[in-house]
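Open the model in your viewer and keep the sequence alongside.

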Amino acid sequence: MEIHRFEKAWLGFALLLIVGLIATITYGAVGPGVAMISDSGGTIDSSALGEHEQFSDPGVRQVGENEYDVYVVAQQFIFRPGTNEPITLPADSTVTFHVASADVIHGFSITGTNVNTMAIPGQVSKITVEFDDPQTYGLVCHEYCGAAHHEMAGTIEVVPQSEFSIEGTDSGVADLTDEDADADGGEN
Amino acid sequence: MVRYCFAVAFLALGAGGLFGVIQALHRTGIYRGFIANQDYYTILTGHGVLLVLVFTTFFIAGLFLWAVTDSLDTPVASEWTTKLWFRLMLLGTLLAGTAILGGLTDLVPVSADVLFTFYAPLAAHPIFYIGAALIIVGSWVAGINYFRTFFSWRQDNADARIPLRTFMVLVTMLMWFIATMGVAVEVVFFLIPWSLGLISQVDPLLTRTLFWFFGHPVVYFWLMPAYLVWYTILPKLAGGRLFSDGLARIVFVLFLLLSTPVGFHHQYVDPGIPEGFKFVAMTNTMFLLLPSLLTAFTVVASIEHGARQRGGTGLLGWLKALPWDNPAFSASALAGLMFAAGGFSGMINAGMNINYLVHNTLWVPGHFHLTVGTAAALTFMGISYWLVPQVTGRPLGLRSWASAQPFVWFIGMVLMSNAMHRAGLAGVPRRTAVPQYEGFEYVSAYGSYAEMRIQIALGGVLLFVSLLMFLAVMWDTYMNPKGGRLTVNSELPAALSGPEASPKVLDNLWLWAGIAVLLVVLAYGLPLASLVGDGLFDPGSAPVPAWLAGLLG
Ligand code: HEM
Ligand SMILES: [Cu+2]
Ligand SMILES: [Cu+2]
């Protein structure tokens, strides 16, 4: 079959472009280490979140110096915490979100950042992010989850280190059980 | 029958477009008087289903029927089967449509506010799933009938090359058979029994994965017919002929091979799926760019050839020599141009780490209104100007409206889709009735959110106007008396480099189908095995009707 000279050149260019795209993304993953959402969060019985170690009392836990775990339950039509009270975090910290759904599929997206994951019943989404400066972020459910989907939103407040303290009595460092340490061992 | 298919397709297009403009006005806050916020999702389900399932499937079924019988120059194998698939698809449309519209009124106890992706555990009334399944089964019957027509032609033409248009139809249908397996299994084995209460729970991630197994290749089911038009009819409308028949065949074979094993790229941000599978899907996706890039080259080259035949000269001067006042040409050419832009935003979606930024934002509708909403839809509208007079024997009505229509669509889409892309980058989510939240605002790098909203609304209105113009032209054409001088010439010239020059193995459809299946098994075997590993219905979820939520909200 006859392939025209220009056709050949174009074919070469197209292949180069494709390989280039794959290469840049691979670099992104292994170089700066942009980790993907994966199966590392594990599975969960979404109808029994109330009996779960962490999700029965979702919220912020300190797991190291400047390192925090945040457990969030997504359900029609709120984030717990997030909607009724903001999720408060200190600046210059590394935060791992664990998101589980109690009913249908929801989204979990922090506007203006690349924190973006689905909350699928039966699965736990795990995503780690660094917060630098104090700022208020919007948290939106970006997957249709029922008739009041457009009301499902919340806020994340990143405050200066000095103003940060973990409220409540039972969710502080003391909560750092073996369970947590395990969950952290399997970091992305 | 081609006429009936088109008529149903146009009705769906009209209704879907009406829903579209309601959405554009409602979600931007320009006018919220049509519907209540919670009904937005009923409208959006209707928009998605009517446009991407009903309009496309009916139009394509009709177009393919014409392409096969016209290029083989034989009647269809079985008239009876043709009636059967048409009725199956129509019945499916009526069932699904009833379920959706039922959501707007309390008079009927059905609803289906689950959007066209119907992710479990949000549940619709069973007739919605049954209707959707019937549309797909109908399309299978249609596909089988095209194959039978081809086989009976083959008996008398043992050694001839498959005519290009028939080749394209058959390859597209093979792709479609493979792709629809996922959704067929999802709906028949899981969602229908579950919505009827026969099984108590389904695994949301498994059903979602089966959906996306189908959900990506389905876009090629919309695009490949547009490519058929661009390869075989557009060059002629431009005054020339196709550049290379063989390359066109290669492009279609590549689509068959590559379009199915990529669905995971819609699940980049899903938990429960290991990173490696996502990476494989991404590599496949990137290679899937190849046939589209080749198409861009061949189609542009063929059009340029046509323009030079018409006396066009110069590096870009030839563009002026093209028949821009012929709506069939201008619609297809503008659609191709927009598809190029859509291709770029698609490359961005496909990048697994950039996808974080745009997943489920308004960027996504911005992207696919360029691809399916323009590349496919506008091409279909344009080619109707050429084909409908041929199949009805009635001359085209309202010609000057027809000439203007593609340009109105183009302008409307430039406004709507570019603003949607930008709003998406600012984090505005898709599929939401009132994206205004308390406690924070969207910040955009460029331009304000208010200005983007106005552009989306204005673009949406222009699109709807363009749609009305199209429907008026079609109505007038169907009303015209038969006979008179048809302004179209239906002869299609052969390619510059014809099929004889290309390897014969290209015509070996079974070989390609076999490889395609193999690739699917490689890409999906392991992930599906691991999803099913913890039990077919586990971790499971019982149905959650979307309307229950309405009572709370
Ligand atoms: C009059 C022309 C049209 C207008 C004004 C319009 C408007 C819109 C708007 C504003 C949305 C976003 C809704 C949201 O996410 O909240 C949307 C979604 C969508 N549109 Fe269109 N559209 C038009 C034509 C089309 C065409 C021709 C197609 C395909 C053939 C199409 C396919 C879709 C799909 C698949 C969605 C996504 C539905 C979903 O997320 O479930 N639209 N449209
Ligand atoms: Cu939600
Ligand atoms: Cu939601």
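Buried here means under 20% relative accessible area, exposed means over 50%, and partly exposed lies in between (1.4 Å probe, protein chains only). This is a predicted model, where local features need pLDDT of at least 70, side-chain atom pairs count only at pLDDT 80 or more, and totals for chains, interfaces and linings use all residues. Residues are numbered from 1 along each chain as its sequence is written, chains are lettered from A and ligands numbered from 1 in the order in which they are written, and side-chain values use heavy atoms, without hydrogens and water.

Select His106(A) and Cys141(A): both are buried.

Now show the copper ion (ligand 2). Its donors are ND1 of His106(A), SG of Cys141(A), SG of Cys145(A) and SD of Met152(A), at 2.0 to 2.5 Å. Donors are N, O and S atoms within 2.8 Å of the metal (3.2 Å for Na, K and Ca); water is not among the atoms, so sites may look incomplete. The donor angles around the copper ion (ligand 2) run from 96 to 129°, so the arrangement is tetrahedral (four donors, all angles between 85 and 135 degrees).

Next, colour by strand (DSSP runs of E, at least two residues, numbered from the N terminus). Select strand 10 of chain A. Six of its seven residues are buried, so the rest of the structure largely encloses it. Strand 4 (residues 87-90) of chain A pairs with strand 10 of chain A in the parallel sense, over four bridges. Pairing requires at least two DSSP bridges between two strands. Pick Thr88(A): its bridge partner in strand 10 of chain A is Glu157(A). Strand 9 of chain A pairs with strand 10 of chain A in the antiparallel sense, over six bridges. End at Leu139(A), whose bridge partner in strand 10 of chain A is Gly154(A).

Terms used. Four donors count as tetrahedral if all angles lie between 85 and 135 degrees; four count as square planar and six as octahedral if opposite donors are over 155 degrees apart and all others between 65 and 115; anything else is irregular.
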